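Reader: I have a new model open on my screen, and I would like to walk through it with you. Could you take my questions one at a time?

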Amino acid sequence: MHRHDEQDPWVVAPPGSDEDLARRLAMASPTDTARGMFLRTTLDAVRCLGDEDAVRDCQRASGEDKLVDFFAYPVSASLRMVFIAARMLEDRCGGIDEALRALGYRAADGFLCSAAGMALQLLANGDVKKLVDNLPATYRASVSFGSRSIVWTGPTRGRLIMRREFMPYPFLEGVLMGVLDKACARDARVRGHQLSTLESEYEVSWQT
């Protein structure tokens, strides 16, 4: 969901659009990095199309020849790859937003299989609230940018606030849903709101 403010020109750049990508890239610096596992899971999602040319095009867009899960790559490479992948998957997924969510869901699986993600699951020990509560700090081990915080509004309900986060909100909805599904959260729900180009918030909830 977008919060519309006619004084804020970002609203004319829908998630996944060329303008949206250009704005995010313009705000990225060389020190803004993400682990290679996020790029690899994006390629895996494109590979499901059964078209290796599409995989090569997607990787070429990132500007990275080789991907290693635990290496840090410029977030600009991840952005370019995610945006072109979303366009490749748009028809199959039923729209650009759904394609971004599907890519985010895949990224969650890659994150949870990483050392940081496995440590998070071990720390949570099956407690969904504890997992979500520790997610912001643990996720920080996989990216060099941004800040994330959680405000609890109930025993199984909270609001996650992300600042200087480069991925569009549908992608991050997918990440959060993937984490909740992995935790076997019952009737999990995630609803995102883009507040500005690099700021968003997410209502997360589940049933006990």
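Author: Gladly! One definition to start: two strands pair if DSSP finds at least two bridges between them. Please also keep in mind that this is a predicted model.

Reader: With that in hand, which residue in β6 is the bridge partner of Q194?

Author: Strands β5 and β6 (residues 199-207) are paired in the antiparallel sense, with 8 bridges between them. That count meets the cut-off of at least two bridges. Within this pair, Q194 has as its bridge partner S200.

Reader: What is the order of the strands in the open sheet?

Author: The pairs can be followed one by one. β3 and β4 are joined antiparallel over 7 bridges, and another 7 bridges link β4 to β6, again antiparallel. β6 in turn pairs with β5. The open sheet of 4 strands therefore reads, with its antiparallel pairing, β3-β4-β6-β5.

Reader: Why is one side of β3 and of β5 left without a neighbour in the sheet?

Author: In the order β3-β4-β6-β5, these two strands come at the ends. Both β3 (147-154) and β5 (186-196) have a single partner strand, so one side of each lacks a neighbour because they stand at the edges.

Reader: And how many degrees does the twist average from one strand to the next?

Author: This value belongs to the open sheet of 4 strands. From each strand to the next, the twist averages 20 degrees.

Reader: How many residues lie between β3 and β4 in their hairpin?

Author: These two strands pair in the antiparallel sense. One of the bridges has W152 with its partner G158 in β4. The number of residues between the strands of this hairpin is 2.

Reader: What about the largest pocket: which elements give two or more residues to its lining?

Author: The largest pocket has a volume of about 160 Å³. Among the residues lining the pocket are R35, M37, R40, D69 and F70, and the classes in the lining come to 6 nonpolar, 3 polar and 3 charged. The elements that give two or more residues are α2 (36-47) and α6 (115-124).

Reader: Is S78 buried or exposed?

Author: S78 sits in helix α4 (residues 75-93). Leaving aside neighbours within four places in sequence, S78 is in contact with L39 and M167. Its relative accessible area is 5%, and the cut-off is under 20%, so S78 counts as buried.

Reader: I84 is also on my list; is I84 buried, partly exposed or exposed?

Author: I84 is found in helix α4, and beyond residues up to four places away in sequence I84 touches D57, C58 and A61. Its relative accessibility is 25%. Buried would need under 20% and exposed over 50%, so I84 counts as partly exposed.

Reader: Last one: how far apart in space are A34 and A141, C-alpha to C-alpha?

Author: A34 is in strand β1 (residues 33-35) and is buried at 5% relative accessibility. Its contacts, neighbours within four places in sequence left aside, include S142 and V143. A34 and A141 are 107 residues apart in sequence, yet their C-alpha to C-alpha distance is 9.2 Å.

Methods. Residues are numbered from 1 along each chain as its sequence is written. This is a predicted model: local features need pLDDT of at least 70, side-chain atom pairs count only at pLDDT 80 or more; totals for chains, interfaces and linings use all residues. Side-chain values use heavy atoms; hydrogens and water are left out. Axes are lines fitted to C-alpha atoms, for helices over the stretch in contact, and angles run from 0 to 180 degrees between N-to-C directions. Buried means under 20% relative accessible area, exposed over 50%, partly exposed in between (1.4 Å probe, protein chains only). Contact means heavy atoms within 4.5 Å. On a 1 Å grid over the protein atoms alone, a cavity is a set of points where a 1.4 Å probe fits but cannot get out, and a pocket is an open set with protein on both sides within 12 Å along at least five of seven lines; lining residues have an atom within 4 Å of a point. Grid points are joined across faces, edges and corners, and a volume is the space filled by probe spheres set on the points. Ala, Val, Leu, Ile, Met, Phe, Trp, Tyr, Cys and Pro count as nonpolar, Asp, Glu, Lys and Arg as charged, and the others, Gly among them, as polar.
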